[in-house]
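The sequence and the model are shown first, and the description follows.

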Amino acid sequence: MQKLAIYDMDRTITVRGTYTPFLMHMVLARAPWRLLLLPLLPFGFIAYGLKLLSREGLKTYNQRLLLGKPRRESIEPLIHAYAEKVLSGNSYAKAFEQIKADRQEGRRLVLATASYELYVDAIAEKLGFDDVIGTRLEMDSAGHVLPKIIGRNCYDKAKLDRIVSFLSEQALDREKIHIRAYSDHVSDAPMLEFADEAVATTPSPALRKLAKAQGWQIVDWD
């Protein structure tokens with residue numbers, strides 16, 4: 001039986017979120033003038049709170065303001081620098097230990113996150129993950145990264161849908177694999193329920209309550 005370990009990333013492997021810090025990293029590294037646009041950010045969150053914008057729409061709004069449409073090739077060094085920053089100053093050492101243990105156990109390592117594959121790929125590569133399932137961005141024919149999400153934000157039920165699609169694409173029979181899944185947040189309940197073995201890592205209060213009710217393992221990596 002093939003064994004998989006599926007990890008959420010933000011606040012599971014990392015201590016804090018990575019999405020907004022990534023945008024700020026890119027602003028400061030390549031276009032500091034975009035700091036002048038920061039006063040416009042709250043309008044996106046207000047629209048999201050009023051349900052005028054979806055999560056996808058909010059991410060698109062923020063990306064358009066702070067990242068623009070850079071050529072992927074031109075920002076690769078900045079992406080790798082950001083990945084190093086995340087791993088050196090925004091990660092749980094115990095998460096690294098568990099990733100290493102799962103690898104030694106022979107598990108295929110999958111990083112499943114709502115964060116952009118644009119920068120998650122670099123983090124996953126440095127951690128030794130085999131596969132990445134994340135929020136995907138469109139690119140034009142000239143190689144520019146566009147502020148437009150392909151499909152849905154890889155979050156909640158949409159993340160599980162992507163995992164199921166991934167298994168199908170990889171010709172992995174769900175009945176013949178063992179899945180261990182890790183997450184900090186109750187939004188990943190669909191993924192954790194889908195797994196054979198669910199681990200709530202440094203969980204939010206809502207996930208801690210659910211994990212106790214479901215009999216899932218609870219670990220605190222902080």
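## A buried arginine and its surroundings

Arg107 is buried, because its relative accessible area is 5%, and the cut-off for that term is under 20%. The model that shows this residue is a predicted one. Arg107 belongs to the loop that lies between α5 (93-104) and β2. Leaving aside residues up to four places away in sequence, Arg107 touches Lys3, Leu4, Ala5, Asp102, Asp130, His178, Ile179, Arg180 and Glu197.

## The sheet

How many strands form the open sheet, and in what order? There are seven, arranged β4-β3-β2-β1-β5-β6-β7, with mixed pairing. At the edges stand β4 (145-150) and β7 (217-219), each of which pairs on one side only. From one strand to the next, the twist averages 30 degrees.

| Strand pair | Direction | Bridges | A facing pair of residues |
|---|---|---|---|
| β1 (residues 2-7) and β2 (residues 108-116) | parallel | four | Ile6 and Val110 |
| β3 (residues 131-139) and β4 | antiparallel | three | Met139 and Val145 |

The strands β3 and β4 also form a hairpin, with five residues between them. In this hairpin, Gly143 takes a positive phi near 90 degrees.

## Helices

The axes of α1 (residues 19-30) and α3 (residues 55-66) come within 10 Å of each other and cross at roughly 15 degrees. Helix α1 is therefore roughly parallel to α3, since angles under 35 degrees count as such. The crossing of these two helices, α1 and α3, is right-handed.

Which residues meet where α1 and α3 come together? From α1, the residues are Tyr19, Leu23, Met24 and Val27. From α3, they are Leu58, Lys59, Asn62, Gln63 and Leu66.

Conventions: Residues are numbered from 1 along each chain as its sequence is written. This is a predicted model: local features need pLDDT of at least 70, side-chain atom pairs count only at pLDDT 80 or more; totals for chains, interfaces and linings use all residues. Side-chain values use heavy atoms; hydrogens and water are left out. Two strands pair if DSSP finds at least two bridges between them. Axes are lines fitted to C-alpha atoms, for helices over the stretch in contact, and angles run from 0 to 180 degrees between N-to-C directions. Buried means under 20% relative accessible area, exposed over 50%, partly exposed in between (1.4 Å probe, protein chains only). Contact means heavy atoms within 4.5 Å. Angles under 35 degrees count as roughly parallel, over 145 as roughly antiparallel, 65 to 115 as roughly perpendicular and the rest as oblique. A crossing is left-handed if the near helix is turned anticlockwise from the far one by less than a right angle, and right-handed if clockwise.
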